[in-house]
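Let's take a walk through this model, starting at the ligand and then moving on to the backbone and a pair of helices.

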Amino acid sequence: MMQKRILLIVAGGIAAYKSLELVRLLRGAGFAVTPVMTRAAEEFVTPLSLSALAGEAVHRDLFDLTAEAEMGHIQLSRSADLLVVAPATANIMASMAQGQCDDLATTLLLATDTPVMIAPAMNVRMWQHAATQRNLATLRGDGIAVVGPDEGDMACGEYGPGRLAEPAAILDAIRARLTEGPLTGKRILVTSGPTHEPIDPVRYIANRSSGAQGTAIAEALRDLGANIVFVTGPADAPRPDGVEVVEVETARQMHDAVTAALPADAGVFCAAVADWRMRDAGASKIKKDGSGTIPALDLVENPDILASVAQGEHRPALVVGFAAETDDVVAHAEAKRARKGCDWIVANDVRPETGIMGGSDNAVTLVTAEGAEPWPRLSKVETARRLAARIAEELA
Ligand code: CTP
């Protein structure tokens, strides 16, 4: 196989030192690395360290005559299989979202016709600022893949999301992005996990979904080359690496995130969405009034995300729903397939004695227009691989 080349842009943040480890991992995994630094990055790591690890000269200057004579910046921007910005600061994200190009790094990013991935790293407040989140949405809309950021202690002493994803996770994401498989070039939306519906500021309605099956499906589809948008509620399962992750809490937020992620070639709706939410989740905690009267919860129905996508304007070519059943599994799943307008239903038997809900195995029946196909009891990872292979066949 031809050696793949990564054009790595290191922007100026404290996390820039981790780019050295990333270069080391990339080289170890067989990638060639063309390093590019912004001026600010040079305040954090030296060009010499970066070029020594990359085994190639660092590109730094837009107006460097020697470099320009050897390889012009337009050609440089297209000389790699993937452009990776790690760390991506708030500043470079803002420039990218605006299409500004006032140095070599931003010019390469604007001139390229190669896929781009960013690994953001910044202070938590800067990450959460409306402007950064707006820029992030713009970049995602432009098809740029995003890895991380992670949540944790930060160099500035604060805690929260904004830490650069671990170099090993960035490497996984890069590998996944460059994997050629039957689903290369396909965009697949996966929903996962439970939703939480607030009752008041401290209580919520939830369910026992762990998100394990959703994560396994996203990883299996990713491994076949698909670009995944993974919209997850507050699940226990780890998030899949190398995919775009959108975190939500409630069914309505999930509905909005799913709508924003369309169009897609396929949608796999594993999430155990809460069917109901409070009509008014108050801003104050509900108190016992001492009379022994139990407060009635005034519930309204949540939007059915699967049905609205299956019957909506931007319907993916393949829409896969899940059904959790305790009896008459196939009959209920067939009725659900027709009612919601999806192509397939993956039905699981969730009677407590099966140990499936929250366990590591699954026993599903795939219900399609052709009929019901019972699958053997398999691990959730195996079930996911089998489903991903079927999806690949269907989209071929
Ligand atoms: N679903 C959804 N939005 C909802 C409810 C469900 O997208 N508001 C999706 C789930 O992700 C899943 C399928 O619809 O793919 C499950 O349908 P649902 O009607 O909730 O069925 P079950 O959970 O199986 O339970 P029941 O039939 O008891 O409602």
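Around the ligand sit 14 residues, and Phe269, Ala271, Pro303, Phe322 and Lys336 come nearest (a residue is near a molecule if one of its heavy atoms lies within 4 Å of it). Polar contacts are pairs of N or O atoms within 3.5 Å. Ala271 has a backbone N or O atom 2.6 Å from a ligand oxygen, while a backbone N or O atom of Pro303 is 2.8 Å from a ligand nitrogen. Lys340 uses its side chain: an N or O atom there lies 2.8 Å from an oxygen atom of the ligand.

A word on ground rules: this is a predicted model, with local features needing pLDDT of at least 70 and side-chain atom pairs counting only at pLDDT 80 or more, whereas totals for chains, interfaces and linings use all residues. Residues are numbered from 1 along each chain as its sequence is written, and side-chain values use heavy atoms, leaving out hydrogens and water.

Now the backbone. Ala86 and Pro87 are joined by a cis peptide bond, omega about -5°, and Pro87 lies in strand S3 (residues 82-88); strands are DSSP runs of E, at least two residues, and helices are runs of H or I, at least four, numbered from the N terminus. Another cis bond links Gly148 to Pro149, with omega about 5°.

Finally, helix H1 (residues 18-28) packs on helix H9 (residues 167-178) at about 45°, axes 9 Å apart (axes are lines fitted to C-alpha atoms over the stretch in contact, and angles run from 0 to 180 degrees between N-to-C directions). That makes H1 oblique to H9, as angles under 35 degrees count as roughly parallel, over 145 as roughly antiparallel, 65 to 115 as roughly perpendicular and the rest as oblique.

How values were computed. Polar contact = N/O pair within 3.5 Å; in protein donor to acceptor, adjacent residues only side chain to side chain.
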